[in-house]
Amino acid sequence: TILSHWLKMLIKSKPLAKIIYMNEKKNLSQSELIRQRLAEAIKLSPLTQTEIANRAHISSATLSDYIHKNKFPSLETFAILCEILNVSADEILGLN
């Protein structure tokens with residue numbers, strides 16, 4: 001499909017696009033896709049999880065919950081995480 005072709009092209013330029021493409025056919029819930037995109041952005045960051053948590057003024061355990069559990073940050077924390085990770089909220093939310 002055109003969408004699949006677009007995603008393949010996007011993967012080359014944006015690492016988070018890879019996770020979107022990989023999960024396109026798995027029929028995952030939107031919340032699970034958001035959690036996975038956030039986890040991938042954290043993984044791709046040059047910062048450690050402890051450094052990310054410290055900069056976001058949250059505990060490392062809380063950051064781990066965002067990665068491994070169905071727990072989501074507040075909007076304020078989400079915005080801070082996006083800034084720290086140098087990724088747009090639209091990309092994490094799957095809006096672009």
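Which helices are included in what covers the buried residues of α4? The cover includes α3 (30-44), α5 (60-68) and α6 (75-85). Helices here are DSSP runs (H or I, at least four residues), numbered from the N terminus.

This is a predicted model, in which local features need pLDDT of at least 70 and side-chain atom pairs count only at pLDDT 80 or more, while totals for chains, interfaces and linings use all residues. Residues are numbered from 1 along each chain as its sequence is written, and side-chain values use heavy atoms, with hydrogens and water left out.

**The two sides of α4**

Helix α4 spans residues 49-56, and its buried residues are Ile 52, Ala 53 and Ala 56. They cover an arc of only 95 degrees around the axis, which puts them on the same side of α4. The face turned away from that buried side carries the exposed residues Asn 54 and Arg 55. Buried means under 20% relative accessible area and exposed over 50%, with a 1.4 Å probe and protein chains only. Just after α4, His 57 takes a positive phi of about 60 degrees.

**The packing of α4 and α6**

α4 and α6 pack at an angle of about 130 degrees, with their axes 9 Å apart. Contact, meaning heavy atoms within 4.5 Å, is made by the residues below.

| Helix | Residues in the contact |
|---|---|
| α4 | Ile 52, Arg 55, Ala 56 |
| α6 | Ile 80, Leu 81, Ile 84, Leu 85 |

Helix α6 also holds Glu 76, which is exposed, with a relative accessible area of 60%. Glu 76 and Ala 56 are 20 residues apart in sequence and 9.6 Å apart in space, C-alpha to C-alpha.

How values were computed: Arc of directions from axis to C-beta. Axes fitted to C-alpha atoms, helices over the stretch in contact; angles between N-to-C directions.
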